[in-house]
Structures are given as C-alpha cells and as structure tokens.
Amino acid sequence: MLGADDWPIAREVRLRALKDSPSAYIADYEVEVTVGEDGWRERFTRMRWVVARDEARIIGLASSVRVLDRPPYERHIESVWVDPRYRRTGVLRAVLAELAAIEPDVTEWRVWVLDTNAVARQVYDRLGFSPTGERQLLEDHSGRCEIRLRFCR
C-alpha cells in the first residue's frame, strides 16, 4: 500500500497507464500530467492506493475510494492498470486481494467500466464481478457510456 508521501509513485504509474491504454480511461493524460503535489496528496486523503511490483519495477496499480452516498461496506475500484507484459498472470487479482486485506470490513467492490472496453469487462468477469444493471453516460458529451460491475465476498 502506498502512503501520502508516495504520491510521486502513484502519479508516475497513473501517467504510464494513461499513455499505455488511453481508451480504457475517462481521464486524459494531458489533464492528469498537470496535477501537482497538492492534488495528489488530496487524492490520498480519500483513496487507498496499492501497487504490485516485480522486484523494484511497479507492474500494477489500483485504488479504492469510499463514495459518500454509498454504504460503508462498499468501495469503488479506480485507476486500475497492469503492465502489458504482466497481464493474464494474476497481478490484478493480487492487487485486488491486497485492497481487500487492508479493508476487511468491505464486502462489496464496484467498478465502472466503459461499455466499449470488452477486454476489461472480460477480466472483471473472470474475477467474479457481475453487472449491476446500472449505466451512466459520460459527462464529456462523447456519447460514451459506463456500466457498473459488482463483486461481493
């Protein structure tokens, strides 16, 4: 798990993710690269960040956030990324297990996925997530839509 002083690590990996898979995220690299230390430290006040490493190299990232209008036993997973060379090797499963270990009272995990991101939907399906039936249109006026998935333990 990363702490607030590790914000440069989270930032660097997040930017790698946005460059590697821009169509998988709502955020844009050009916007995220402008977020400075204060913005990153603020993210650490409301989010828990976990990374996976292969020796010193970070190969995976995910964060969890408590959404204020949702029940306390529920968390949202965000900023998920696995280095392409390590995909399909269990990295995401390990990262999500670490999030679950540091938040043992959480029994429901939710994630929004772009409805056009078939790869992510397949990954979450293999991990045991299922659609909630909820959809939301993105606010960027692109016509893109997200679907919400849920995992209960």
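Let me start with Glu32, which is buried, with a relative accessible area of 9%. The cut-off for buried is under 20%, so 9% puts Glu32 in that group. Keep in mind that this is a predicted model.

Where is Glu32 in the chain? Glu32 belongs to helix α2, which covers residues 29-32. Leaving out residues up to four places away in sequence, Glu32 touches Arg14, Leu15, Leu18, Ala27, Trp40 and Arg43. For a sense of distance, take Ala62: Glu32 and Ala62 are 30 residues apart in sequence, and their C-alpha atoms are 16 Å apart in space.

Now to three of those contacts. Arg14 touches Glu32, and the charged end of Arg14 also sits over the ring of Tyr25, 5.0 Å from the ring's centre. Arg43 is another contact of Glu32. Which ring does Arg43 lie over? That ring belongs to Trp40, and Arg43 lies over its face, at 4.3 Å from the ring centre. Trp40 itself also touches Glu32.

Next, the aromatic rings. A search of the whole structure finds four aromatic pairs. One of them is Trp40 with Trp49, a tilted pair with 5.5 Å from centre to centre and 55° between the planes. Are these two residues buried or exposed? Trp40 is buried, with a relative accessible area of 0%, and Trp49 is buried too, at 1%. Both values count as buried because the limit is under 20%. With Phe44, Trp40 and Trp49 form one aromatic cluster.

Definitions and conventions:
Residues are numbered from 1 along each chain as its sequence is written. This is a predicted model: local features need pLDDT of at least 70, side-chain atom pairs count only at pLDDT 80 or more; totals for chains, interfaces and linings use all residues. Side-chain values use heavy atoms; hydrogens and water are left out. Helices (H or I, at least four residues) and strands (E, at least two) are DSSP runs, numbered from the N terminus. Buried means under 20% relative accessible area, exposed over 50%, partly exposed in between (1.4 Å probe, protein chains only). Contact means heavy atoms within 4.5 Å. Rings of Phe, Tyr and Trp (its six-membered ring) pair if their centres lie within 6.5 Å; planes under 30 degrees apart count as stacked, over 60 as edge-to-face and the rest as tilted. A charge sits over a ring if NZ of Lys or CZ of Arg is within 6 Å of the ring centre and within 35 degrees of the ring normal.
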